[in-house]
Amino acid sequence: RPDLILTQAVCEVCAVPTASAQEAAASLDYEPRILSLDAHDLEGILQTVLDVGAAAGVAQRAEGTVATLRRRIEAVRNAVEGRPRPRVLALEWLHPPFAPGHWVPEMVEVAGGTILFGKAAARSYELAWDEIEGAGPDVLVVMPCGFGLEESRADASRHAEQLRRAAGRAIDSGRAYVVDASSYFNRSGPRVVDGTEILTAILHPDAFPGVDLGGRAERWP
């Protein structure tokens with residue numbers, strides 16, 4: 001008998017959408033509050049933390065959390081300021097390939113990179129392997145939506161030939177990575193700040209040391 005139900009309107013494929021939550025709640029013998037979270041960029045994600053805090057009656061705690069998250073984002077920006085920005089091929093799905101949207105391109109920008117495919121605050125979109133063949137990024141990041149690190153590694157290995165054609169230089173130079181996408185990149189929650197720090201450690205390891213990639217990201221293959 002929840003008082004508050006959190007749902008989302010970002011993607012109807014990856015998680016329970018608002019309409020389904022409303023339909024389920026309509027069958028109850030009372031009316032819980034339904035709060036739909038619909039963030040599409042980093043600022044929107046921070047606002048949802050405030051929204052949830054207010055709805056749960058802990059607004060002050062949420063404000064403190066957001067202040068901490070903002071400080072961490074600013075620390076990343078400061079660490080990479082003025083540095084060369086590597087060209088990043090980030091892929092949110094491999095069969096078929098998808099360019100990331102929403103907050104992910106912004107995460108790459110904050111972390112000191114330039115994303116090759118994907119537009120901030122817009123939807124992810126399908127690519128063809130032919131479109132990205134020979135893209136020649138400095139860094140490859142494989143982040144399949146909903147996949148943990150082990151699943152991401154296995155998916156990259158299944159598409160090794162296509163990835164090599166798209167990002168052979170990054171692979172040969174040891175700058176190809178698979179990540180725990182489900183935990184740190186795909187979901188519109190506070191851990192995208194962890195994901196941004198992970199990206200910074202990948203793109204500028206000497207500028208942002210101390211980030212433990214263990215279990216969260218690793219070089220591939």
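**Sheet architecture and helix packing**

Strand E3 and strand E8 (residues 139-142) pair in the parallel sense through 4 bridges; two strands are taken to pair if DSSP finds at least two bridges between them. Helices (H or I, at least four residues) and strands (E, at least two) are DSSP runs, numbered from the N terminus. The model is a predicted one, in which local features need pLDDT of at least 70 and side-chain atom pairs count only at pLDDT 80 or more, while totals for chains, interfaces and linings use all residues. Residues are numbered from 1 along each chain as its sequence is written, and side-chain values use heavy atoms, with hydrogens and water left out.

E3 is mostly covered, with 4 of its 5 residues buried (under 20% relative accessible area, with a 1.4 Å probe and protein chains only).

These strands belong to an open sheet of 5 strands in the order E6-E3-E8-E9-E10, with mixed pairing. E6 and strand E10 (217-219) stand at the edges with a single partner strand each, so one side of each has no neighbour in the sheet. Strand E9 (residues 176-179) runs antiparallel to E10, the two being joined by 3 bridges; Tyr177 has Arg219 of E10 as its bridge partner. Helix H7 (residues 160-172) packs on this sheet, touching E3, E8 and E9, and its direction makes about 125° with that of E8. Contact means heavy atoms within 4.5 Å. Axes are lines fitted to C-alpha atoms, for helices over the stretch in contact, and angles run from 0 to 180 degrees between N-to-C directions. Helix H9 lies across E3, E8, E9 and E10, running at about 150° to E8.

The axes of helix H3 (residues 59-80) and H9 (residues 192-203) come within 10 Å and cross at roughly 15°. H3 is therefore roughly parallel to H9 (a term for angles under 35 degrees). The contact involves Leu69, Arg72, Ile73, Val76 and Val80 of H3 together with Val193, Asp194, Thr196, Glu197 and Thr200 of H9.

A further open sheet, of 3 strands, has the order E4-E5-E7 and antiparallel pairing. Its edges are strand E4 (93-94) and strand E7 (125-126), each with a single partner strand, so one side of each is left without a neighbour in the sheet. Strand E5 (residues 97-99) pairs with E7 in the antiparallel sense over 2 bridges, and Glu126 in E7 is the bridge partner of Phe98.

Methods:
Buried means under 20% relative accessible area, exposed over 50%, partly exposed in between (1.4 Å probe, protein chains only). Angles under 35 degrees count as roughly parallel, over 145 as roughly antiparallel, 65 to 115 as roughly perpendicular and the rest as oblique.
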